[in-house]
Amino acid sequence: MRLIVTSDLHYNVLRSKQPTVDLAEEICRLRADALLILGDAAGQDVSILRECFQLFDRFAGRKFFVPGNHELWAPPGECSLVRYEQILPRVCAEAGFHMLDHEPVVLGRVGLVGSMGWYDFSFRPEHLGIPLRFYREKVAPGAASRMERYQHLLETVDDVPEDSLSMGTRWMDGEHVRLPMDDVTFCRRLLDRLEGQLQELSSACDTLVVGLHHLPYAELIPPNSNPSWAFAAAFLGSTAYGEMLLRYPKARHVYCGHVHKAGEVTHGHVHCISTGCTYLEKRYEILELD
Ligand SMILES: [Fe+2]
Ligand SMILES: [Fe+2]
């Protein structure tokens, strides 16, 4: 079984278009049994996601998709959960892709499971000392202080570190993702669903391959001394996913995207690779299994 894994094509971003076309042509020439795209293929406009999928029409193997946070960016008035549960699976199916989040697949003796994953702020750097209420609203204290609608976060400033008041970071999911539940609950919901897939396939398969968009291990976050980037770490993944994977001994090959920086980490039986596509440089991983 030969599996190609890539992510973060961002085909809706001008500078990512040609690199994505080039990557797709290369992937379509490869002989492989399956292709797995791990999210952030496009953004709010699903017609661009369709165009991106079409680039892989000539790929001869089966095609799988796990969305990223950018696929949950919804136009005003649209619910991101409806996108995740109904719209995206339909767009995938129409384009010949199978959205793994909703149903795992068995390829021979290999099980393929997947989830977009999400964040529960467990990656937030404690050393910044920024209260949780800012992470929940996805604005650093400096950004909140400049925006009328976040003034409630600064009603008490005794617990806000002085230097964070110059930190202007916003995580734009806060602007474009609309869920009918908080992020911690959503993260847990997706985690439970992924665990159901792992349980379901553990007895039927020799090996489980796991595709995620968000990171299961904080070691995959690139080191950066800029505190603004440190604030953003909170939105890159969740420790609960990494811990859960350790409970499933057959989950040996784990891939993720989102961080735009290639990396790998091993925890027990879990070998996890972040695919590391940037806006300008696209890349892919190949996994060969007997
Ligand atoms: Fe991305
Ligand atoms: Fe992402």
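Which residues lie nearest the centre of the largest pocket? In this predicted model, local features were assigned at pLDDT of at least 70 and side-chain atom pairs at pLDDT 80 or more, whereas totals for chains, interfaces and linings use all residues. Residues are numbered from 1 along each chain as its sequence is written, chains are lettered from A and ligands numbered from 1 in the order in which they are written, and side-chain values use heavy atoms, with hydrogens and water left out.

Pockets were defined on a 1 Å grid over the protein atoms alone, as open sets of points where a 1.4 Å probe fits, with protein on both sides within 12 Å along at least five of seven lines, and lining residues as those with an atom within 4 Å of a point. The largest pocket is lined by 28 residues, and Trp-171, Trp-229, Ala-232, Leu-236 and Val-259 lie nearest its centre. Its volume, taken as the space filled by probe spheres set on the grid points, is about 670 Å³. Helix H8 (residues 227–232) gives the most to this lining, with four residues; helices here are DSSP runs (H or I, at least four residues) and strands (E, at least two), numbered from the N terminus. The lining comprises 15 nonpolar, nine polar and four charged residues, where Ala, Val, Leu, Ile, Met, Phe, Trp, Tyr, Cys and Pro count as nonpolar, Asp, Glu, Lys and Arg as charged, and the others, Gly among them, as polar.

The second largest pocket, of about 160 Å³, is lined by 13 residues, with Arg-136, Lys-138, Gly-174, Val-177 and Asp-183 nearest its centre. Helix H4 (132–137) and helix H6 (173–176) are the elements that give two or more residues to this lining, which has four nonpolar, one polar and eight charged residues.

Aromatic pairs (rings of Phe, Tyr and Trp, the last by its six-membered ring, with centres within 6.5 Å; stacked if the planes are under 30 degrees apart, edge-to-face if over 60, and tilted otherwise) number 13. Trp-118 and Phe-186 are paired edge-to-face, at 5.3 Å centre to centre and 80° between the planes, and both residues are buried (under 20% relative accessible area, with a 1.4 Å probe and protein chains only). Trp-171 and Phe-235 are stacked, at 5.4 Å and 10°; Trp-171 lies in the loop between helix H5 (141–145) and H6 and Phe-235 in the loop between H8 and helix H9 (239–245), so this pair ties together parts 64 residues apart in sequence. Trp-171 is buried at 18% relative accessible area, and Phe-235 is buried at 0%.

Methods: Buried < 20%, exposed > 50% of the residue type's maximum accessible area, 1.4 Å probe, protein only.
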